[in-house]
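Subject: Structure for you to look at

Hello,

Please find the structure below. My notes on what turned up in it follow.

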Amino acid sequence: MIGGSLRLDVSVQAMRDFSPNFSLSLSAAEQGIEAIWQGRVQPIQSTGRLAELLDDIHYERPVWVQAGGEICHHPNCSYEHTRHDWLDSVGDPFVIFDLEVGYSGGKRHPKVFVRSPAMPPHKIRRLFGDGSICPYAPWENVWLWDRDTVVNYMGHAVVWLIKWIVWDQAAVWIEPELSHYQGFLVRTLDSKL
């Protein structure tokens, strides 16, 4: 067992299966041992059904997360799709990202950092204060430490990367945008308690 954490061991094995090209290192952290993975993902690898995929992400419908981090249009999708005008501005959907992922096996969410390509300050969107990806509203219980692994979190993070590709190239964030300003988050979290 790594650092005495069964949940961390489960995540380490899941990441081995999901992203075998990611390197793993262990370091000392406040809560014991932290696993740190580094590697590359290319969320979009084909233009086949790209319009449908981006429409599903826009409307927060299920997508298919494949091993290695490729995101595809879900094979069982039966929605009627809309072709959005902003799709024409997405000239290069095949962006490769260098990521660093950290997790210590406890209740705290994993952290995913984009190491490259560099995100210009005016293009930064939906990041936590430490620069890690904020793939969904934290209070929505999308990821639960005693149920999910780093791989489950990675699925959300890789979908976030697609949203960023569209934002970078078409200046559209393809999901309903919740405010991430501290005052909004405090009011929203207080109302959920």
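Strands β5 (residues 97-103) and β6 run antiparallel and are joined by 5 bridges. Helices (H or I, at least four residues) and strands (E, at least two) are DSSP runs, numbered from the N terminus. Strands count as paired if DSSP finds at least two bridges between them. In this pair, Gly102 stands opposite Lys111 of β6.

Before going further: this is a predicted model, in which local features need pLDDT of at least 70 and side-chain atom pairs count only at pLDDT 80 or more, while totals for chains, interfaces and linings use all residues. Residues are numbered from 1 along each chain as its sequence is written, and side-chain values use heavy atoms, with hydrogens and water left out.

The sheet

β5 and β6 belong to an open sheet of 4 strands, in the order β1-β2-β5-β6, with antiparallel pairing. β1 (23-29) and β6 (111-116) are the edge strands, each pairing on one side only. Direction ignored, neighbouring strands are turned by 25 degrees against each other on average. 7 bridges join β1 to β2. There, Ala28 stands opposite Ile33 of β2. Another 7 bridges join β2 to β5. Ala35 faces Tyr103 of β5 across that pairing, standing opposite it.

Contact means heavy atoms within 4.5 Å. Axes are lines fitted to C-alpha atoms, for helices over the stretch in contact, and angles run from 0 to 180 degrees between N-to-C directions. α1 packs on the sheet and touches β1, β2 (32-41) and β5. The direction of α1 makes about 15 degrees with that of β2. α3 also packs on the sheet, touching β2, β5 and β6. Its direction makes about 145 degrees with that of β5.

Helix against helix

α1 (residues 6-18) and α3 (residues 150-170) pack at about 50 degrees, with their axes 8 Å apart. They are therefore oblique to each other. The cut-offs: under 35 degrees is roughly parallel, over 145 roughly antiparallel, 65 to 115 roughly perpendicular, and the rest oblique. From α1, the contact uses Ser11, Ala14, Met15 and Phe18; from α3, Val150, Val151 and Met154. By class, that is 6 nonpolar, 1 polar and no charged residues. Ala, Val, Leu, Ile, Met, Phe, Trp, Tyr, Cys and Pro count as nonpolar, Asp, Glu, Lys and Arg as charged, and the others, Gly among them, as polar.

α2 and α3 have axes that come within 11 Å and cross at roughly 105 degrees. These two are therefore roughly perpendicular to each other. Leu53, Leu54 and Ile57 of α2 meet Val159, Ile162, Lys163 and Val166 of α3. This contact has 6 nonpolar, no polar and 1 charged residues.

The largest pocket

The largest pocket has a volume of about 400 Å³. The search used a 1 Å grid over the protein atoms alone; a pocket is an open set of points where a 1.4 Å probe fits, with protein on both sides within 12 Å along at least five of seven lines, and lining residues have an atom within 4 Å of a point. Grid points are joined across faces, edges and corners, and a volume is the space filled by probe spheres set on the points. The lining has 20 residues. Glu60, Pro135, His156, Lys163 and Glu175 lie nearest the centre. α2 (50-58) and α3 are the elements that give two or more residues. α3 gives the most, with 4. The lining divides into 11 nonpolar, 2 polar and 7 charged residues.

Backbone points to check

Most residues other than glycine have a negative phi, and most peptide bonds are trans. Glu60 is not a glycine, yet has a positive phi of about 60 degrees. Glu60 lies in the loop between α2 and β3 (64-65). A cis peptide bond joins Ser116 and Pro117, with omega about 0 degrees. Pro117 sits in the loop between β6 and α3.

Best wishes
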